Amino acid sequence: MATLIDFHCHVDLYPDPPSIVAECDRLGIRTLAVTTTPKAWPQNRKWTQSSTHVRPALGLHPQVVAEREHEMALFEQYLPEARYVGEVGLDAGPQHYHSFDAQLRVFRRILGLCSSHPGRILSVHSVRATSKLLDAVEDLLCPGSSTLVLHWFSGTKAEARRASDLGCYFSVNRAMLDRKRGDLVQGLPADRLLTETDGPFTMVADRPARPSDITETVSELASILKLPVEKIAGQLESNLRTLVAMGESRS
Ligand code: MN
């Protein structure tokens, strides 16, 4: 069986984060531990420093930018030691639209920083803001510097094409694989796909999803793409290898 990948999981929001890290190492699940505030970076780094399979990401979630924009100073301080960045992005949904100007300011600043610290891999949130997000990427991210992975992509097919032309990857979770949205996933380039749980924010049978639930995601993805599970798992593994190698060669 190829390596399993959970490229967007809030490990630090489970009741016992070290047990999640241990589970990922034991089951061989390559996991990106995204965070929501720069203040969480030192602790997440500590939890994952001896992990074989879990990597921490430095984040400033768009939904907390209204209260935490001042933590950009910490973000800048920690970025040189963070190969992965996330969760960052834009959220123009009704609950968070009030802070959209601040979100845009923060995201643009992050893209600028990731151009001058190349080789970063970003896990990016985009709710009702894909076009604005891609405009910012086009404006501010030096081509070939850092790579975006669009998490839980919910834009249109045209936006997906534009994102992949800009070099973006897509991390896909189970909520994107239902009948209505599976169609969009089918249109994404196979060599840019990764999987994610977004746990503990997504549910599996009335409990928060865990990285080990990614096996289900891979089999559902395989059935939507009409490919054998082994084949899609191998493709995902090779996508991750390419993405990580690209980051290493640039930094
Ligand atoms: Mn998330």
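Biologist: How are the donor residues of the manganese ion spaced in sequence?

Modeller: Donors are N, O and S atoms within 2.8 Å of the metal (3.2 Å for Na, K and Ca); water is not among the atoms, so sites may look incomplete. Here the spacing is H-x1-H-x76-E-x110-D. The protein donors are His 8 (NE2), His 10 (NE2), Glu 87 (OE) and Asp 198 (OD), lying 2.3 Å from the ion. This is a predicted model, in which local features need pLDDT of at least 70, side-chain atom pairs count only at pLDDT 80 or more, and totals for chains, interfaces and linings use all residues. Residues are numbered from 1 along each chain as its sequence is written, and side-chain values use heavy atoms, leaving out hydrogens and water.

Biologist: Are Glu 87 and Asp 198 buried or exposed?

Modeller: Buried means under 20% relative accessible area, exposed over 50%, and partly exposed in between (1.4 Å probe, protein chains only). Both Glu 87 and Asp 198 are buried. Of the 251 residues of the protein, 55% count as buried.

Biologist: How many disulfides are there?

Modeller: A disulfide is a covalent bond between the sulfur atoms of two cysteines; the rule applied is a pair of cysteine sulfur atoms within 2.5 Å. The count is 0 disulfides. The sulfur of Cys 142 lies 11 Å from the closest cysteine sulfur, in Cys 114, and is therefore too far for a bond. Cys 142 is partly exposed, with a relative accessible area of 40%. Cys 168 is in no disulfide either, the nearest cysteine sulfur, that of Cys 114, being 13 Å away. Cys 168 is buried, at 1% relative accessible area.
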